Amino acid sequence: MAIADKTSLQLPKENLEAQDFLPLLGTDYIELYVGNAKQAAYYYMSAWGFQPLAYAGLETGLKDKVSYVIQQGKIRLVLTSPLKSGGELNKHIDAHGDGVKAIALWVDDATKSYTETTERGAESYLKPYSLEDKDGEVKLSGIHTYGETVHIFVERSNYKGVFLPGYKAWNPFYKPAELGLKYVDHIVGNVGWNEMTKWCKFYEEVMGFAQLVSFDDKDISTDYTALMSKVMSNGNGRIKFPINEPADGRKKSQIEEYIEFYNGAGVQHMAMATDNIIETVSQLRNRGVEFLTVPAIYYEDVLDRVGEIDEDLEPLKELGILIDRDDEGYLLQIFTKPLLDRPTMFIEIIQRKGAKSFGKGNFKALFEAIEREQASRGTL
Ligand code: FE2
C-alpha cells in the first residue's frame with residue numbers, strides 16, 4: 001500500500017520543463033478497428049448510451065472504409081470497418097480482432113507535436129497534413145506507440161464542423177438515453193515480457209510524461225497470476241496511460257492471455273468516469289453489459305480497509321462495485337468482462353471521490369475474479 005498511498009499528480013520539476021514540448025489538451029477520440037462498424041455502433045449506443053455524432057462512408061465519398069463516430073460526455077469513439085478485402089484495416093482486424101487502433105490527442109499544434117516527438121525518437125505514422133471543408137480546417141499527424149497502436153495529434157482550433165472534414169452529421173431516429181459517462185479517466189496498455197520499462201521510457205522521453213505510481217509483482221499477484229504496472233501521466237494530468245507487463249506466476253497471467261489473443265501489445269482497457277457509479281452500472285447491467293463479480297467475502301471487511309464512504313454498501317455489493325482509498329480520498333470502480341469474443345479489451349467504470357490512484361488495493365480481489373473467468377475458458 002505504501003507506494004500507492006504516495007500517489008500524486010505532482011510531477012518532478014525536471015518533468016514540468018520536459019512536458020512543455022508536448023502540451024496535450026485532452027483525449028480527442030479513440031478509434032477502434034472493428035469487423036462490423038454498423039453493429040458495433042449499435043452496441044455502444046444501445047448498451048452504453050453513446051450518442052450518434054458523425055458518419056463517413058460510401059455516401060460521403062469513401063471507397064474502402066466506413067466510420068461511425070459516437071459520443072457521450074467528452075468521450076468520443078470512432079468505429080471503423082473496411083468495405084473491401086485485403087487492406088490494412090483487414091490485416092489489423094485479422095491479427096488482433098476488434099481493438100483500439102488510435103488514441104487521438106487534442107493539441108494546439110499538430111505539426112509541432114509531430115516534430116517534437118519524432119525528433120525524440122518516435123516512429124512516424126502520419127506526416128502532418130491538413131483536412132479542409134466548408135466548416136474549416138483540421139491538422140493531423142501521428143506516431144506509433146506499443147504494438148500496432150498509434151497516437152494521432154489533432155489540431156482543431158480552426159474547425160467548426162461536427163467531427164473532422166469529410167464526415168457528415170449522423171442523426172438517426174434511434175438514440176437510447178445516455179448513462180452518465182463523462183470522460184476518459186485513463187487508458188491502459190498491455191505490453192510483452194520485459195517491455196514495460198521500454199514503453200514507460202518512450203512516454204517519458206518522447207512525450208514528456210512522468211511516472212505517477214508504481215507497483216511490482218509482489219504488489220499485484222495471486223497464487224496464479226502476476227503483473228507489473230506503471231502509470232505514466234502527462235504534465236497537466238489529463239492524460240494517464242498505465243502500462244502493464246506480465247510477471248511470473250504459477251499459471252498464465254491475464255496479461256499473457258491478452259497478448260496471446262490480441263497477437264501482441266495493445267489497449268487492455270479504457271476507464272470511463274461517472275459521477276454516479278451505482279446508477280450508471282445499474283443501467284449498464286439492465287442493458288446487457290456483463291461485469292466481473294467479486295466474492296461476497298470482499299465486502300465483509302472492505303470498510304475496515306477503506307474507512308467511511310458516502311454510499312450504502314448494499315447496492316455496491318449487489319452490483320459488485322469495488323472500493324479503494326489513497327491519501328486524497330477514495331474511488332469506486334468496476335470492470336466489465338471482455339467486450340469481444342477474444343478475451344482482450346474491456347472497459348472500467350470509475351467514480352473518483354478525491355482519490356487519484358487506480359485501485360491497487362482492489363487488484364488482488366479483482367485478479368481472483370479474472371482467474372475464475374480464465375479457468376472457465378481453460379486458459380489459466
Ligand atoms: Fe484501470
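This is a predicted model: local features need pLDDT of at least 70, side-chain atom pairs count only at pLDDT 80 or more; totals for chains, interfaces and linings use all residues.
Ala, Val, Leu, Ile, Met, Phe, Trp, Tyr, Cys and Pro count as nonpolar, Asp, Glu, Lys and Arg as charged, and the others, Gly among them, as polar. On this basis, the lining of the second largest pocket has eight nonpolar, four polar and nine charged residues.

Strand 1 contributes the largest share, with five residues.

The largest pocket has a volume of about 710 Å³. A total of 35 residues line this pocket. Nearest its centre lie E31, Y33, K65, S67 and Y125. Several elements each supply at least two lining residues, including strand 1 (26-33), strand 3 (65-72) and strand 4 (75-82). Strand 5 (99-106), strand 6 (124-133) and strand 8 (150-155) also do so, as does helix 4 (88-96). Helix 4 provides the largest share, five residues. By class, the lining of the largest pocket has 20 nonpolar, seven polar and eight charged residues.

H269 sits in strand 14 (residues 266-274) and E348 in strand 17 (residues 346-353). The two residues are 79 residues apart, and the pair links distant parts of the chain. H269 has a relative accessible area of 7% and is therefore buried, the cut-off being under 20%. E348 also counts as buried, because its relative accessibility is 1%.

Four cavities of 30 Å³ or more were found in a search of the whole structure. The second largest cavity has a volume of about 160 Å³. It is lined by 16 residues, of which Q254, P338, T344, F346 and I370 are the closest to its centre. Helix 7 (254-262) and helix 11 (360-377) are the elements that give two or more residues to the lining of this cavity. By class, seven of the lining residues are nonpolar, five polar and four charged.

Methods. Residues are numbered from 1 along each chain as its sequence is written. Side-chain values use heavy atoms; hydrogens and water are left out. On a 1 Å grid over the protein atoms alone, a cavity is a set of points where a 1.4 Å probe fits but cannot get out, and a pocket is an open set with protein on both sides within 12 Å along at least five of seven lines; lining residues have an atom within 4 Å of a point. Grid points are joined across faces, edges and corners, and a volume is the space filled by probe spheres set on the points. Helices (H or I, at least four residues) and strands (E, at least two) are DSSP runs, numbered from the N terminus. Buried means under 20% relative accessible area, exposed over 50%, partly exposed in between (1.4 Å probe, protein chains only).
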